[in-house]
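Welcome to a short tour for your viewer. Please load the model, and we will go from one selection to the next.

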Amino acid sequence: MNRQDFPALNQQVYGKPLVYFDNAATTQKPQAVIDAISHFYQNNNANVHRGVHALSERADKAYENARKSVKEFINAKHTQEIIFVRGTTEGINLLSHMINKGDEVIISAMEHHANIVPWQLREAKLNVIPLLDNGELDLNAYKNMLNETIKLVSITHMSNTLGTINPVKEMIALAHEKNIPVLLDCAQSISHGPIDVQDLDCDFLVFSGHKIYGPTGIGIVYGKQALLDKIPPYQGGGAMIAIVDFEKTTFTHLPYKFEAGTPDIAGAIGLHAALDYVSALGFDNIISHEKKLLDYAQEKLQAINGLRIIGTAPDKGSIISFVMDKAHPHDIATILDREGVAIRAGHHCTMPLMKRFNVPATARISMTFYNTTDEIEKCVSALYKVKEIF
Amino acid sequence: MHELRELYQEVIIEHGSNPRHFYKLECPSCTGHGYNPLCGDQITLDLKLENDIITHMGFQGQGCAISIASASLMCESLTGKSIIDAQNAFELFHSVLTADAPADDRLGKLTVLTGVREFPARVKCATLAWHTLQNALE
């Protein structure tokens, strides 16, 4: 649905119509987002927070309106709980400064490297929730891991490799029983269903603009105000200070405490346009279309002899990781590419997860609302070409 | 499909699924490790040297058809050659794959890998074994 809004989808590669099945890596951008960014640069380009001239005031307003749009999109209580960063990775790195050497953090075996390495850089002790064979988290193990020594639970809402959607509301409630705050990595889930931070009661949440049809280079940290206040500034510079003196500098309040330097103003404006676009489309429509695509694709793929799907949790998004008996995922991806079908092959920045399932890599199809069952057919016939070659 | 057939020639598919020299050497003179962090392909290469001659080669690891076939073909073509010959072969192979140098008779059996030139993203797969060899010789 609404394919015509995405100019990049309307092209051929190697003489074949493009089938873009790499949406978990990044999504394509609707014209509305492209227009919002170019409109800003063509008409209102100025720095924010500093000037008193007309353009600066317009830029400032557009940037702060973008912040409000994020606040509404995830239903945060306060606008100042929304911090602009470069993306999910930077968001987790920022939040990792609440953790000190030796602190215990719970993560899961399906985390992206972006939710593993920042904690290791802080020299945290990682306690890892194991997975069941179908790619679900082992919730019993999780319950037993929660105790007073844990400083934070940091988990993905939806696996970028398996598609598994984790029961985060229940997991947050369990952590809160022991007074442990929870950080949700919503890089994948943000575009696939509504998120209400007050209803979930999550303490922190991060996502990237480019995975929800917005531009690259912009992302969001959400945190409950009282908790964000306790985290030291992540970077120093302009915009994040109250008074600078060579002897002592004092920092400003949220959200600017965490936004040193000139931010990605156009990126924030592009993200605002993307969120408006998704809201207008409606998550009900998105969810039902993506569910149809997932069911259709899983059925077609399962019918291919020698193909095995990795990750079969009952609650999963429109991501399918798979391996084939004879062909390595990279060879699959190269052959599909020449048929116009763009997929991802590799470890998907989840090397511990590859180890868990004892595969060196997987091929991954990741679909979104603008994909069609006809594209799934094209992908499936390309997979038969793989079998022809191997 | 034509370019795909050029890339996935039967020799490559065959070496990819039944690689030669696919074992660990007892008491190797040196061992090299090759790893592509972007895709996860990894190769460990053992060499046995007598004077300046590579008398035995064996590799282990996992990867795509291109990287495994390339390692297999490399071991076949370099066993019995001198270190200097191996280094010259590396330079020739590398330049044919990356620098638009024309296919060269001196490549011998390795010529089957030149189809990789049309797939820039896969050149690193074909050269992984060779970089591992450099690592071993260092």
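Which residue's side chain meets that of Asp331(A) in a salt bridge? Select Asp331(A) and Arg122(B): their side chains form the salt bridge, with an N to O distance of 2.8 Å. Keep in mind as you look that this is a predicted model. Between chain A and chain B the count is 3 salt bridges, and there are 7 residue pairs in polar contact, with both residues at pLDDT 80 or more.

Next, colour the helices of chain A. H11 (329-338) and H13 (373-389) each supply at least two residues to the side of chain A that touches chain B. The most comes from H11(A), which gives 5 residues. Sorted by class, this side of chain A holds 6 nonpolar, 5 polar and 5 charged residues.

Now show both sides of the interface. Here 16 residues of chain A are in contact with 21 residues of chain B. The two chains bury about 1500 Å² between them, and 59% of that lies on carbon and sulfur atoms. Pick out His330(A), Arg338(A) and Ile389(A) in chain A: they lose the most area to chain B, together 37% of what that side buries.

For the last stop, turn to the cysteines. The count over all chains is 0 disulfides. Select Cys30(B), which is in no disulfide: the nearest cysteine sulfur belongs to Cys75(B), 12 Å away. Are these two residues buried or exposed? Cys30(B) counts as buried because its relative accessibility is 16%, under the 20% cut-off. Cys75(B) is buried too, with a relative accessible area of 0%.

Terms used
Residues numbered from 1 in each chain as written. Chains lettered and ligands numbered in written order. Predicted model: local features only at pLDDT ≥ 70, side-chain atom pairs only at ≥ 80, totals over all residues. Heavy atoms only, no water. Disulfide = S-S within 2.5 Å. Buried < 20%, exposed > 50% of the residue type's maximum accessible area, 1.4 Å probe, protein only. Contact = heavy atoms within 4.5 Å. Buried area = accessible area lost by both parts, 1.4 Å probe. Salt bridge = Lys/Arg side-chain N within 4 Å of Asp/Glu carboxyl O. Polar contact = N/O pair within 3.5 Å; in protein donor to acceptor, adjacent residues only side chain to side chain. Helix = DSSP H or I, 4+ residues; strand = E, 2+ residues; numbered from the N terminus. Nonpolar A, V, L, I, M, F, W, Y, C, P; charged D, E, K, R; others polar.
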